[in-house]
Protein chains: 2
Amino acid sequence: MLRYDFEQSLLYSVCSTSLAMERALNEELAPHGITYRQWQVLGWLVLEGPLPQGELADRMRIEPPTLVGIVDRMERDGWLERSPCPEDRRRKLLRLTDRVEPVWERIASAARRVRSRAAEGFSDEDLHRLFAGLERVRGNLTRPQPSTAAENRPVEGLPPVPDAPSPVTPPHTPALAEDPRP
Amino acid sequence: MLRYDFEQSLLYSVCSTSLAMERALNEELAPHGITYRQWQVLGWLVLEGPLPQGELADRMRIEPPTLVGIVDRMERDGWLERSPCPEDRRRKLLRLTDRVEPVWERIASAARRVRSRAAEGFSDEDLHRLFAGLERVRGNLTRPQPSTAAENRPVEGLPPVPDAPSPVTPPHTPALAEDPRP
DNA sequence: ACGAGATCGTTAGCCCACGAACGATTTCGA
DNA sequence: TCGAAATCGTTCGTGGGCTAACGATCTCGT
C-alpha cells in the first residue's frame, strides 16, 4: 500500500524534476543565446573533439533524428560545422568554430550555478545514492525487455548493473572539470 | 573532486532517466492510441472529476499554453470536452467523455507495467529515498531564487522542505489506487 | 567483382515544452 | 460605480523528442 505510493509517484517525480532542471538551465543559459541541449553538444565536443553525429547522439542518449535539428540550429548560429569525414563519406564530423573557445568558460560557469543550486543541502552520500538510483531505473527501462529476465540483485546504494547497452563508457556529463566559480 | 563528479552527472542522469521513462510509457500506451501526457490528463480527471485547465496544468506541473495542445488533441480524439463553467465564464471545465470509462482499466494496467519494471530491484526504503531526493532537487530549483536564502537543512532520506509554491497539495500521480495486475 | 545487406545522416509527420502577447472576463479599490 | 488590475484560456514562434522511411555509402560473402 505504502510501497505502491512510492512506485507511483516515481515516474511523476522524475519527469517533473527533469523539466525543472531543463527550465533552470535554459534560463541561466539564455543570455548566451544557447539552450540546454546546445550546451550539452558544446560540452561533449569540447571534451572529446570532433565527433560524428551518431556517436554524439549516443553520448547524449537521444536518437539521431533529434540531433539533426539541434545541429542545424547550432550550425545556423555559427557554433559548429559539419565537416566531411575522409575515411567514410557517409559520416559528417561535428567541429566547433572559433566562436566557442572565448565564451566557453562563461557558459560552463552558468551551468555550474544551476548544478550547485540543484544539489544544495545534499551530502556526498545523498548525491551518490540519488545518482545510483536513477541510473538503475534507467537501466531497468533501457535494457531490452528481459523476456524471462536475468534476475536483478537488489540495490544497496550502488547500481549493481553497470549500464549494458551503451557502446561507450560515458563520462556522464560534458566538460565541467574545474570549478572556478564566478 | 569526487563530489564534483556526482553533482555533475546528476543533471544528465535525471534527464536521461526521465526520457527513458517517457519512452517506455509511450511505447506501452501506444496500442491504446494515447501518449504519456494524455494518460496523465485522464488520470487526474478520473481521480478528481472535471477541472479547469489552469488547475490541471498546476497538477501536471506544466504551463497552461502547453496544456492547450494536449487538450486540443484529446478533444479531437474524443477523450474529453471543454465545457463552460457557470460560475466563471472565463474558465472551461475539462470533462471526460463516455469513451474513457470502458478502457480506463486497461490503460491503467499498461502504466502499471512500466512502473513495475522501473522499480525492479528496489526496496521500499530505496524507493523512498530516491523519491525524496528528487523532490528536494525539484524544490531547490522551483522555489524562486532565495536571494539571501533561507538556509536549507541537510537531507536525511526525507525532503525537509515540503513543496512551497504549489497551491494544491498534490497526490503526486493520478489514479492508480488499486493494483489488479493483468 | 559484384550484389545483398548494414550503416550514416536526413526528411516527414506527429507530439510536447516554453515565453510573450492578447482578447475576454472578473475583481476590487478609489 | 466604474476603471485599473488581475485572471483564464488562447495564439504565435521557437526548440526539442520520437518513428518510419529513404538515398548515399560502405562491407562482406559468394
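This is a predicted model: local features need pLDDT of at least 70, side-chain atom pairs count only at pLDDT 80 or more; totals for chains, interfaces and linings use all residues.
1. Residues are numbered from 1 along each chain as its sequence is written, and chains are lettered from A and ligands numbered from 1 in the order in which they are written.

2. DNA strand D is surrounded by 26 residues, and the closest are Thr35(A), Pro65(A), Arg89(A), Gly54(B) and Pro65(B). Helix 4 of chain A gives the most to this surface, with five residues. By class, the surface near DNA strand D holds nine nonpolar, six polar and 11 charged residues, where Ala, Val, Leu, Ile, Met, Phe, Trp, Tyr, Cys and Pro count as nonpolar, Asp, Glu, Lys and Arg as charged, and the others, Gly among them, as polar.

3. For DNA strand C, 26 residues lie around it, the closest being Gly54(A), Pro65(A), Thr35(B), Pro65(B) and Arg89(B). Two or more residues of this surface come from each of helix 1 (2-29), helix 3 (53-60) and helix 4 of chain A, and from each of helix 2 (36-48) and helix 4 of chain B. Helix 4 of chain B gives the most to the surface near DNA strand C, with five residues.

4. Helix 4 of chain A has 13 residues and reaches 18 Å from its first C-alpha to its last, close to the 18 Å expected at 1.5 Å a residue, the expected span being 1.5 Å times one less than the number of residues. Just after this helix, Gly78(A) takes a positive phi of about 80 degrees.

5. Chain A also has three strands, which form an open sheet in the order 1-3-2 with antiparallel pairing; two strands pair if DSSP finds at least two bridges between them. Strand 1 (51-52) and strand 2 (80-84) of chain A stand at the edges with a single partner strand each, so one side of each is left without a neighbour in the sheet. Two bridges join strand 1 to strand 3 (residues 92-96) of chain A, and Pro52(A) has Leu93(A) as its bridge partner in strand 3.

Terms used
A residue is near a molecule or strand if its C-beta atom, placed from the backbone, lies within 6 Å of it. Helices (H or I, at least four residues) and strands (E, at least two) are DSSP runs, numbered from the N terminus.
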